[in-house]
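Please walk me through this structure, one part after another. Start with a strand and its neighbours, then move on to the cores, the surface and the charged pairs.

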Amino acid sequence: PTNGPEGMNLRGSLEWLFSADKDVCTEPWEADRPHGVPLAASGALAEASGELQLFSKDRSEVRALELWPEGASFADNADLLLDEELLSDFKAVPLVKRQLRIKHQERLFEQLHNQELMVAAKFSMRCVPAERPQQVVAFAGKTAKLGNMLPTHWLLRVYFEEKDRAKVEQAFEQLGYRISASKELPAAEDVMEQLLAHQHSLGRFSFFAQLNADESEVTDGKSLDEDLREWRQSYEE
């Protein structure tokens, strides 16, 4: 197929693999599990799910891929789950991370979001508020909207493979930040870091920012800066 599940979470991949009119694998533990992150199935979950055994392409052996809800229907692309070469692409690569505390500024995300540089130096980023955000109410006419104040500072976490350390340090010097002095730690702390490790194995490098409760991928830094500026004005007026 010309369009595949590369970089999607499991929900997106299942929607690609299975017919859209069938209610398949909508349980929370499956929908939120990124590619390659093992299913932590408890005894109760194992009891609630049927174990579906699938044949390999030449039907010479039977494989139990993993616990799968009963009644799952497979579309024409389902045999891709049996391809060993395809599955090998979803193995995580070990990443390390460094963290910087940076001040919020008007064009912060436009400055940071440089996809060409991320691909060339092979790094991903996450940007989260340095302090717990304060909630505010913004008014637009008769409409009130509850949200978080923009943080004064962010924690910028940079993820990369150890072999790419020199390229990443040089890339951040171009962006105006010195990360060489930051402490380097292994990255596998949470689900997002596991997701990045699997994305890196596919040669995909991402930038995520936590603006409210969830983290969203930044695809246009300039537009995000404009949205944040408008939001600030709405609650400061």
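Strand S7 (residues 153-160) is largely enclosed by the rest of the structure, because 6 of its 8 residues are buried. Buried means under 20% relative accessible area, exposed means over 50%, and partly exposed lies in between (1.4 Å probe, protein chains only). Strands here are DSSP runs of E with at least two residues, helices are runs of H or I with at least four, and both are numbered from the N terminus. The model is predicted: local features need pLDDT of at least 70, side-chain atom pairs count only at pLDDT 80 or more, and totals for chains, interfaces and linings use all residues. Residues are numbered from 1 along each chain as its sequence is written, and side-chain values use heavy atoms, with hydrogens and water left out.

S7 has strand partners. Strand S3 (residues 95-103) pairs with S7 in the antiparallel sense, over 8 bridges. Two strands count as paired if DSSP finds at least two bridges between them. Ile 102 has Trp 154 as its bridge partner in S7. Strand S4 (residues 123-129) also pairs with S7 in the antiparallel sense, over 7 bridges. There, Val 128 stands opposite Leu 155 of S7.

Now take helix H8 (residues 191-201). It is mostly covered, with 8 of its 11 residues buried. Among the buried ones are Met 192, Leu 195, Leu 196 and Ala 197. What covers them? The cover includes S3, S4 and S7, along with strands S8 (185-187), S9 (207-210) and S10 (215-217).

Next come the nonpolar cores. A nonpolar core is a set of buried Ala, Val, Leu, Ile, Met, Phe, Trp, Tyr and Cys residues joined through side-chain atoms within 4.5 Å. The largest has 33 residues. Ile 102, Phe 109, Phe 123, Leu 156, Phe 172, Tyr 177 and Phe 207 touch the most other members. Follow Phe 207. Leaving out residues up to four places away in sequence, Phe 207 touches Phe 109, Leu 112, His 113, Met 118, Met 125, Cys 127, Leu 156, Ser 216, Glu 217 and Val 218. A second, separate core has 9 residues, including Val 93, Ala 187, Met 192 and Phe 208.

Strand S5 (residues 135-140) holds Val 136. Is Val 136 buried or exposed? Val 136 is buried, because its relative accessible area is 14%. Its contacts (heavy atoms within 4.5 Å) include Lys 145, Met 149, Trp 231 and Tyr 235, with neighbours within four places in sequence left aside. Tyr 235 is 99 residues from Val 136 in sequence, yet the two C-alpha atoms are 7.0 Å apart in space.

Val 137 also lies in S5. Val 137 is partly exposed, because its relative accessible area is 41%. In a regular strand the side chains alternate between the two faces of the sheet. Val 137, Phe 139 and Leu 146 form a nonpolar patch on the surface, with about 320 Å² of accessible area together. Such a patch joins nonpolar side chains (Val, Leu, Ile, Met, Phe, Trp, Tyr) within 5 Å, from residues with over 30% relative accessible area and no salt bridge; like charges are joined within 9 Å. Accessible areas come from the Shrake-Rupley method with a 1.4 Å probe, and for residues only the protein chains shown count as cover.

Turn to the charges. The whole structure has 15 salt bridges, each a side-chain nitrogen of Lys or Arg within 4 Å of a carboxyl oxygen of Asp or Glu. Arg 229 and Glu 106 meet in one of them (3.3 Å, N to O). This pair links distant parts of the chain: Arg 229 sits in helix H9 (residues 221-236), and Glu 106 in the loop between S3 and helix H5 (108-112), 123 residues apart. Arg 229 counts as partly exposed at 31% relative accessibility, and Glu 106 counts as partly exposed at 41%.

Glu 236 and Arg 232 form another salt bridge, with the closest N and O atoms 3.7 Å apart. Both lie in H9, 4 residues apart, about one turn of the helix. Glu 236 is exposed, with a relative accessible area of 55%. Salt bridges that share partners also join Lys 97, Arg 126, Asp 190, Glu 193 and Glu 215 into one network.
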